[in-house]
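Trainee: I'm new to this one. Can you walk me through it?
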Amino acid sequence: MLMTLTVAATHDFPDTTDLGYLLHKHPDKVQAFGLSVGSATVLYPEASPESTCVALILDVDSAELGKTQPRYSSSEFALGRYVNDRPYAGASLLAVALSRVFKQAMTGTCTARPELPDLALSMTVNLPSVPCRGGSELAAELFEPLGWTVDARPIPLDARIERWGDSVYLDLTLTGTFTVSAALRHLYVLLPVLDDVKHYWVGEDEADKLVRAAGDWLGDHPQIDLIAGRYLKHRRELVASVVDRLVPGAAADERAPRDPRLSESRAQAVVAELQGAKSVVDLGCGEGRLLRELFADSSFESIVGVDVSARALATAEKRLRLQDLPDRQRTRIQLRQSSATYRDSRLSGFDAMVLMEVIEHVEPDRLPALERSVFREARPTKVLVTTPNSEYNILYDGLAHGEFRHPDHRFEFTRAQFAEWAAAVAERADYDVRHGTIGPVDDALGAPTQMAIFTRREVKA
């Protein structure tokens, strides 16, 4: 995977070898950098006062990529994580390499020559193989509003067989006058957008990265919704948070007064309800969003994250950096693979159990099994359940009537349905139940998230 950046001499920049100062890479050296999925090499095919070219070569280890990364789509064939175009096509992996290799250049830092970062340079960027799901037209729509001249040439599937037509790949050349920092940040954001694929987990911190990298231009870009949507894997809450932060008045234009940090509010509400508990099970913990909040609160002495997905647990372990913790801290938290619908004696004896946005992922005919395993077998002192309020969905633009908020949801309760289900569970299991709301409340439709707090009767104060 190759990218070249060529800078031409101008009146303000007479010696183009000064590019080495901006990139913090000496033109006379070949430098290699280790990455989680391979290595990156930086070298200068050309270096003269009139013209300097720097090349970034990314060597992807397909085996390592397959071990650590998620599938790219639900329709991918069995070996798709190992046999794919990632080693040859410049997309999110190349964007990560840019950030790793040219981090100081992206931030505009150059202590040796502090006058250089603010210079606009005449430059040409070439990426000979870029996946672009939208064709050359999309490449132009993304880069031209930023001031680039775009030459996007589709690469045929087979040059010898014309009837096969073009592939999704482009030979992309960008020409323009920018600071090095601006050019690198354009590429960092837009390469994965062209591909509409990210090889790593996307969470709230990724929305912050997007704002930091593109905050000075994304708010005015005519394709802001497409860029934010693709960059953030089409997660509506994260896209809304970025748009609200970058576009003045965007929140006022929404049909729903959405809290752009609903997932954060949800976790905070759950932690607040858990105060007083010493031991907590996060059942259906996923990739560790709530676990991170629980672990940050030292009042929780024993925390167990449970999920049916081994991959999600592996991601949670990395996000929590469990391997780096001292032994005393490491003993506070455990990760276990199990299912919410199966009995598991290891989950008995805890003060509290949380099912945060879990029940809607369970087939309705399996809810009695979940009820049995949680309320009759594990039987904690307190159970917290959060789930979407389907009535609120009508306020979300882009969500069709009857459509669920997530493709993996098997159902979504109205407020009345959730109250009826919770009351029946409480009565059968000898618990008391009360309800709460999370997120902005609409007078007619309620809040986006509804919560039930179950307390075992024989220990209720």
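Trainee: Of the contacts in the chain with a separation of 6 or more, what percentage comes from residues 24 or more positions apart?
Mentor: This is a predicted model. In it, 70% of those contacts join residues 24 or more positions apart.

Trainee: How many helices and strands does the chain have?
Mentor: There are 16 helices and 14 strands.

Trainee: And what share of the residues is buried?
Mentor: Buried residues are 50% of the chain's 461.

Trainee: New topic. What pLDDT does the chain average?
Mentor: The average is 86. A score of at least 70 is reached by 88% of the residues.

Trainee: Where is the pLDDT below 50?
Mentor: Residues 70-77 are one such stretch. Beyond near neighbours in sequence, that stretch has 13 contacts in the model. Residues 249-260 also have a pLDDT below 50. There, the model shows 22 contacts beyond near neighbours in sequence.

Trainee: Let's zoom in. Where does Glu301 lie?
Mentor: Glu301 is in a loop. Helix H12 (289-296) is on one side of that loop, and strand E9 (302-307) is on the other.

Trainee: Which residues is Glu301 in contact with, leaving aside neighbours within four places in sequence?
Mentor: Lys278 and Arg332.

Trainee: And Ile333? What separates its C-alpha atom from that of Glu301?
Mentor: The two C-alpha atoms are 8.3 Å apart. Along the chain, Glu301 and Ile333 are 32 residues apart.

Definitions and conventions
Residues are numbered from 1 along each chain as its sequence is written. This is a predicted model: local features need pLDDT of at least 70, side-chain atom pairs count only at pLDDT 80 or more; totals for chains, interfaces and linings use all residues. Side-chain values use heavy atoms; hydrogens and water are left out. Helices (H or I, at least four residues) and strands (E, at least two) are DSSP runs, numbered from the N terminus. Contact means heavy atoms within 4.5 Å. Buried means under 20% relative accessible area, exposed over 50%, partly exposed in between (1.4 Å probe, protein chains only). pLDDT is the predictor's confidence in each residue, from 0 to 100.
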